[in-house]
Amino acid sequence: MWFSKAILKIAGWTVNVTVPDYPKCIICVAPHTSNWDFILGKLAYATTGRKAGFLMKASWFFFPMGMIFRAMGGIPVPRRKKGASLVDALVDKFNSSERLVLAITPEGTRSRTSQWHTGFLHIARRAGIPIALGAIDFGKKEITITDTFTPTGDTDADMRRIKDYYKNFTAKYPEKFTTE
């Protein structure tokens with residue numbers, strides 16, 4: 001905890017996490033335009049003494065990185081859909097766990113995209129868990145998790161509200177981020 005705080009302080013970052021320490025939740029993290037987002041997000045959450053797992057494309061889970069990512073709470077996501085649904089698997093994982101916090105980047109890529117993935121909304125609604133809204137703002141050098149969102153079941157309206165929330169945050173590469 002102190003190590004993470006020291007690194008972020010030296011780098012000029014501030015952390016503001018006010019959401020409760022939910023035993024189960026999804027942390028929706030945006031903007032996501034750089035691999036630095038992962039590092040800063042992990043450090044920021046560690047400053048609170050909390051732990052969160054994360055989803056990452058399966059191709060990153062090669063030896064020895066796969067062992068490291070799994071130890072950090074990483075869950076590999078296959079590029080092609082094979083077998084069971086990832087949403088179903090994660091709902092089952094939340095329902096069978098006493099404690100599970102998972103950070104998900106709805107953009108699903110570091111490239112510019114207006115088509116954010118909606119799986120996190122379905123997981124949260126079906127598992128009956130909140131979504132904490134986390135932002136990494138390079139303009140202010142601030143990482144925040146201060147708001148909670150509860151999905152309504154209207155995926156389009158829910159996604160619009162979430163994208164509206166992220167409109168005023170600055171990505172490391174602003175040209176790669178859109179909430180349109």
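The stops below go from the sheet to the helix across it and then to the cores.

This is a predicted model, in which local features need pLDDT of at least 70 and side-chain atom pairs count only at pLDDT 80 or more, while totals for chains, interfaces and linings use all residues. Residues are numbered from 1 along each chain as its sequence is written, and side-chain values use heavy atoms, with hydrogens and water left out.

Begin with the open sheet, whose 7 strands follow the order β1-β7-β6-β2-β5-β3-β4 with mixed pairing; strands (E, at least two residues) and helices (H or I, at least four) are DSSP runs numbered from the N terminus, and two strands pair if DSSP finds at least two bridges between them. Select β1 (14-17) and β4 (74-77), which stand at the edges with a single partner strand each, so one side of each is left without a neighbour in the sheet.

Next, select β2 (residues 24-30) with β5 (residues 100-104), a parallel pair joined over 5 bridges, in which Ile-27 stands opposite Ala-103 of β5.

Finally, show the largest nonpolar core, with 28 residues, that is, a set of buried Ala, Val, Leu, Ile, Met, Phe, Trp, Tyr and Cys residues joined through side-chain atoms within 4.5 Å, where buried means under 20% relative accessible area (1.4 Å probe, protein chains only). Helix α5 gives the most to this core, with 5 residues.

Methods: Buried < 20%, exposed > 50% of the residue type's maximum accessible area, 1.4 Å probe, protein only.
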